[in-house]
Amino acid sequence: MTRSWAEPWKIKMVEPLTMTTREHRESEIGEAGYNTFLLRSDDVYIDLLTDSGTTAMSDRQWSAMMLGDESYAGANSFYKLVDAVRDVYGYDELIPTHQGRGAEHLLSQILISPGDVVPGNMYFTTTRFHQEYAGGRFVDVIIDEAHDPRSMHPFKGNIDLAKLASIVHEVGADRIAYVSFETNVNLAGGQPASMENIKAVYAFCRTLDILVMLDATRALENAYFIQQREGGYADRSIASILREIANNSDGATVSSKKDNLVNIGGFLALRDPDLARKARALLVAFEGLHTYGGMSGRDMEALAEGIREMVHTDDHVRSRVGQVEYLGNTLLKYGVPVVTPIGGHGVFLDAAAMLPHLTQDELPAQALAAAIYVDSGVRGMERGIVSAGRDPETGDNRHPNLELVRLTIPRRVYTQSHMDVVAESVIEVCEHRETIRGLQFVYEPDSLRFFQARFEQIPV
Ligand SMILES: *Cc1c(COP(=O)(O)O)cnc(C)c1O
């Protein structure tokens with residue numbers, strides 16, 4: 001008999017949800033310009049917009065917040081955070097920021113000179129923005145399988161070493177600012193890199209004096225997949241695998257709103273004290289003093305506790321990813337096209353496969369996210385042509401291979417029954433897929449357009 005698992009926590013406090021009618025949701029999505037980012041949360045039933053900052057904190061984290069030291073300089077809470085990052089990730093130099101993009105900004109400014117190339121595995125919206133903003137050119141060196149939603153490759157987040165070697169050869173190692181290595185690649189669907197690949201990339205870069213900077217925002221979930229899928233890691237603890245990932249890098253940017261189990265916060269971690277000094281000089285201009293960055297003392301307390309809690313036992317990450325897999329496998333069972341293998345933080349619906357009557361320029365993923373909201377009040381988000389934006393040189397829309405709706409699961413917030421409700425809604429929308437109409441822009445912001453763009457249905 002297969003034995004079920006359950007969440008390794010029980011509920012101490014509850015937050016009531018709002019139920020709405022279909023008529024209400026139809027009117028709200030029109031008001032929101034068919035952009036789920038522009039809905040009010042009161043009009044949402046199950047909110048799978050993002051797993052960013054939406055975590056439920058533990059009783060230990062809430063009680064740690066009472067110990068927050070709000071001293072402007074040298075706060076005790078900062079030193080607790082330094083210790084937690086050193087103990088769990090092994091980085092000595094900690095630069096606290098308000099969230100991940102604050103760290104990306106600092107890192108890009110200290111390492112990228114105009115005209116430099118930054119190779120990376122796929123891309124992340126804010127990461128690439130800061131790399132380009134600093135004058136760099138991002139080059140995607142992820143393996144081809146990552147762009148194929150059907151590929152069952154167990155490590156679709158891997159860097160293609162031949163692609164990396166070729167761009168290094170083309171521009172020269174001194175024009176490579178650093179290699180930007182994202183763990184559990186968000187836009188590929190939460191897909192991990194193997195330890196073998198992480199080590200090989202680091203070894204290759206060391207021979208050429210190229211720095212490897214992790215986007216370690218989701219390194220915990222990556223560590224879980226290494227434990228599950230890579231030879232030799234089944235008996236290793238998540239804590240030790242995470243540490244081994246970090247050991248194969250020169251530093252990391254982290255959005256603590258994901259793995260680290262807090263609602264706000266982030267950091268840049270480095271090994272080289274000279275680089276850290278440069279980052280701190282910018283930190284005081286853009287974020288705050290070097291012992292708080294963009295966080296209050298209580299934020300740093302909750303974060304230090306969250307970092308320790310995420311690896312305290314392996315049960316946390318097993319149930320976190322297990323819940324995502326439960327939703328994904330239910331959808332697969334009913335024939336809904338989703339990105340496989342199921343990723344670490346969400347289920348990615350293949351909108352291109354689901355809505356073949358729409359061209360990519362008719363924004364199928366944006367339209368599908370709106371249709372699911374209207375059906376049930378479940379809020380997901382677009383990850384396709386709208387998120388990919390325009391090429392800064394030509395001004396043309398980028399046409400990514402992946403045209404997805406992301407249903408992202410917040411940590412420790414929803415139960416298995418919520419996942420059933422979500423699955424039933426998606427299955428029902430899928431059954432009436434041919435009624436979903438394409439969308440067109442009515443307002444398009446210049447950068448990171450998916451957050452605030454407005455759309456209307458294409459007239460028939
Ligand atoms: C969320 C995220 C970021 C950006 O972090 P913010 O805290 O939202 O600024 C960067 N990289 C990855 C992989 C992320 O998931």
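Guide: This is a predicted model. Let's start with Ser249, which touches Tyr91, Tyr202, Val212, Leu214 and Arg271, leaving aside residues up to four places away in sequence.

Visitor: Where is Ser249 found?
Guide: Ser249 sits in the loop between helix 9 (238–247) and strand 7 (251–255).

Visitor: Why does Ser249 count as buried?
Guide: Buried means under 20% relative accessible area. Ser249 has 0% relative accessibility, so Ser249 counts as buried.

Visitor: What makes the pair of Ser249 and Ala246 a polar contact?
Guide: The cut-off is 3.5 Å between N or O atoms. A polar atom of the Ser249 side chain lies 2.7 Å from the backbone oxygen of Ala246, within that limit.

Visitor: What makes strand 9 mostly covered?
Guide: Five of the five residues in strand 9 (residues 346–350) are buried. On one side these are Gly346, Phe348 and Asp350, and on the other Val347 and Leu349.

Visitor: How do you know that strand 9 pairs with strand 12?
Guide: Pairing needs at least two bridges, and five join strand 9 to strand 12 (residues 404–408), so the two strands pair. They run antiparallel, with Phe348 opposite Arg406.

Visitor: Which residues have the most contacts inside the largest nonpolar core?
Guide: They are Leu81, Val85, Tyr89, Ile307 and Met310, in a core of 62 residues. Helix 11 (residues 297–312) gives the largest share, seven residues. A second, separate core has 51 residues, including Ile29 and Tyr414.

How values were computed: Residues are numbered from 1 along each chain as its sequence is written. This is a predicted model: local features need pLDDT of at least 70, side-chain atom pairs count only at pLDDT 80 or more; totals for chains, interfaces and linings use all residues. Side-chain values use heavy atoms; hydrogens and water are left out. A nonpolar core is a set of buried Ala, Val, Leu, Ile, Met, Phe, Trp, Tyr and Cys residues joined through side-chain atoms within 4.5 Å. Buried means under 20% relative accessible area, exposed over 50%, partly exposed in between (1.4 Å probe, protein chains only). Helices (H or I, at least four residues) and strands (E, at least two) are DSSP runs, numbered from the N terminus. A polar contact is a pair of N or O atoms within 3.5 Å; within protein, one must be able to donate a hydrogen and the other to accept it, and residues adjacent in sequence count only if both atoms are side-chain atoms. Contact means heavy atoms within 4.5 Å.
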